[in-house]
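Hi everyone, thanks for coming.

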Amino acid sequence: MWFRSKIFLLGLLTTSTYSHPTSGFQKRCQSLSEKIELDYTFDVNIAGYLAPNSTIDLVAEGVNATCLESYGNSTSPLPVGICRLNLRVTTSETSEVYAEVWLPENWEGRTLMTGNGGLDGCIRYTDLVYGTSYGFASFGTNNGHNGTSGGAVYRQPDVLEDYAWRSVYTGAVIGKSITKQFFGSDCGKSFYLGCSTGGRQGWKAVQKNPELFDGVISGAPVVDLWGHVAFFGYVRQVLGFNESSVTLQQWTAISQEVLKQCDGLDGANDGILEDPTACVLDWTPLLCSSTSNSTCLTADQAVAVTKLFNPVTYNGTLLYPGQNHGSELRMIFRWLYSPLVLNWIPETFRNFVYEDLSWDPQSFTLADVVYGLEKDKFDLNTFNGDISAFRDRGGKILHWHGVADGLIGSRTSDLYYETVRSTLNASVAELDEFYRYFRASGVDHCGGGPGAWVMGQGAGAKTSDNPDDNLLLRIVQWVEEGDAPEFVRGTKFVNDTAALGVQFTRKHCKYPKVNRYTGVGVGVDEAGWQAAEYTRLPPWSEGSTIFRPSAVPGSWIIKLETHGWAHNGLE
């Protein structure tokens with residue numbers, strides 16, 4: 001059945017002034033809301049034309065306060081004029097999504113769906129601005145609920161299903177339909193852009209709804225969601241729920257020792273580890289038995305810390321492949337001081353798993369994670385390696401992850417790539433035809449860090465319109481011209497401020513290759529970095545580890561016998 005909209009707001013909740021229709025585009029926009037036909041029950045909340053350089057006052061529009069706290073009170077100035085629609089769309093008898101559909105005056109015949117972050121239901125207006133700046137008809141939803149909390153899914157399975165997959169599906173379907181109705185022509189190629197939970201949502205679409213998108217950019221994705229939940233809880237278990245068993249000064253000493261031992265392994269002592277999995281840290285210099293400084297580690301502290309960089313298993317099952325070295329301080333600030341990580345465990349298990357608001361996070365064990373996996377009705381885990389349907393219809397995936405990510409460790413992305421390769425029984429060359437994965441050195445979660453992190457992955461991370469420097473334009477070039485990327489170039493600005501100029505650029509190479517430096521200077525010569533073959537077996541490979549005593553008192557060594565890889569740690 002077809003449903004027509006009922007407008008109950010017409011631009012009244014925005015401080016921007018909707019222009020009076022003076023052009024064909026504006027006239028079509030003014031009448032669009034009365035003509036929309038969708039296979040959904042829906043209402044149009046806001047409809048109207050916004051001129052270039054307009055801003056939207058999200059406070060005045062009643063956007064959830066926690067979303068404002070996380071993402072800002074208003075949009076940045078719109079780079080182009082748009083026809084803007086905000087819709088409430090019913091997804092079931094007990095669930096709904098709010099969707100934004102932005103149709104730009106400079107439409108280039110493409111569409112772009114944007115994702116969300118964390119547990120939140122916050123539309124990423126920055127990504128909508130970014131998409132329309134390049135002529136994409138751009139869409140986003142509130143993920144089926146409002147605010148940054150996951151509490152809306154409590155005993156609401158339909159809302160949980162929206163969060164798991166249906167919000168992106170619904171937003172893409174209605175967005176493409178409205179685009180076609182407005183412009184009167186097919187939408188052309190469809191694209192997706194997301195990072196973190198948004199990265200997971202992109203992979204979910206590839207796995208479950210391969211028909212939705214022709215090109216997907218998935219950054220730092222929370223694939224293997226329950227593995228990350230396991231690690232967040234495990235960190236609190238190991239370091240203590242109320243305060244850390246290891247001080248910030250000790251973590252600083254650990255970080256310095258990591259750089260001392262491992263920074264130069266890639267050929268450049270530049271404060272960045274190109275391949276953190278090559279860092280086989282000798283913990284001996286940090287132990288109190290060998291040093292008398294105030295930042296040395298006791299045996300118990302060393303046991304705790306080394307656990308975080310090794311695989312986390314439960315009854316022989318790998319739950320998480322461990323965290324990378326080179327991001328210690330970013331990790332610890334998130335683990336100890338970030339509301340996101342501190343709230344993730346109680347929110348997840350109270351609302352998603354046990355449906356019990358009295359569940360005590362200090363009771364957490366890894367058995368809780370296994371139960372969450374078993375109860376995962378809508379496959380929030382998003383770790384299905386069979387993406388053959390997306391491959392067979394010609395889709396392309398550009399997957400990237402910062403290897404200095406202090407929140408969502410990149411080893412899970414490594415592991416997912418290998419899972420896809422194994423599931424499809426494909427060689428790297430065969431995967432390269434449709435799926436390419438890039439590890440970005442020195443890059444934190446979705447951006448930031450000491451590395452070259454500005455890659456065109458969003459409005460705040462743009463350096464140029466050259467596709468080599470711009471992930472969004474790069475996926476378009478691959479999908480529409482067949483030109484696949486061999487690298488993703490990142491830019492590091494001085495003090496992360498574009499106005500101060502470029503500090504250095506770096507080509508982040510395609511997995512499984514890794515960068516090695518033979519250039520001049522301290523790693524700043526882009527041409528001096530060359531992609532080398534990656535031949536070591538990762539430390540979480542099944543069936544390849546043994547444990548035996550080492551020469552360091554109270555410690556052990558994990559050794560991959562057939563590949564010569566060794567790791568010093570504490571038992």
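Let's begin with Cys29 and Cys83, which are joined by a disulfide with an S to S distance of 2.3 Å; the term stands for a pair of cysteine sulfur atoms within 2.5 Å. The link is right-handed, with 85° about the S-S bond. Cys29 sits in helix H1 (residues 24-32) and Cys83 in strand E2 (residues 82-92), so this pair links distant parts of the chain, 54 residues apart. Helices (H or I, at least four residues) and strands (E, at least two) are DSSP runs, numbered from the N terminus. Cys29 is buried at 1% relative accessibility, and Cys83 is buried at 0%. Here, buried means under 20% relative accessible area, exposed over 50%, and partly exposed in between, using a 1.4 Å probe and protein chains only.

A word on where this comes from: it is a predicted model, in which local features need pLDDT of at least 70 and side-chain atom pairs count only at pLDDT 80 or more, while totals for chains, interfaces and linings use all residues. Residues are numbered from 1 along each chain as its sequence is written, and side-chain values use heavy atoms, with hydrogens and water left out.

How many disulfides does the structure hold? There are five, and counting bonded cysteines along the chain, their pattern is 1-3, 2-4, 5-10, 6-7, 8-9.

Another of them joins Cys195 to Cys446, S to S 2.0 Å. That link is left-handed, with -105° about the S-S bond. Cys195 is in strand E6 (residues 190-195) and Cys446 is in the loop between strand E11 (435-440) and helix H15 (471-481), so the bond ties together parts that are 251 residues apart in sequence. Which of these cysteines is buried, and which is partly exposed? Cys195 counts as buried at 17% relative accessibility, whereas Cys446, at 23%, counts as partly exposed.

Then we have Cys262 and Cys279, with sulfur atoms 2.1 Å apart. Their disulfide is right-handed, because the torsion about the S-S bond is about 70°. Cys262 lies in helix H7 (residues 248-262) and Cys279 in the loop between H7 and helix H8 (299-307), so the parts tied together are 17 residues apart in sequence.

Now for helix H6, residues 225-239. Of its 15 residues, 14 are buried, so H6 is largely enclosed by the rest of the structure. After H6 comes Gly240, which has a positive phi, near 110°.

On to the rings. The structure holds 28 aromatic pairs. Rings of Phe, Tyr and Trp (its six-membered ring) pair if their centres lie within 6.5 Å; planes under 30 degrees apart count as stacked, over 60 as edge-to-face and the rest as tilted. Trp226 and Phe349 make a tilted pair, because their planes are at 55°, with centres 6.1 Å apart. This pair links distant parts of the chain, Trp226 being in helix H6 and Phe349 in helix H10 (residues 339-353), 123 residues apart. Trp226 is buried at 3%, and Phe349 is buried at 0%. Phe231 and Tyr320 are a stacked pair, 4.4 Å centre to centre with 20° between the planes. Phe231 is in helix H6 and Tyr320 in strand E9 (residues 317-320), 89 residues apart.

Technical notes: Expected span 1.5 Å × (residues − 1).
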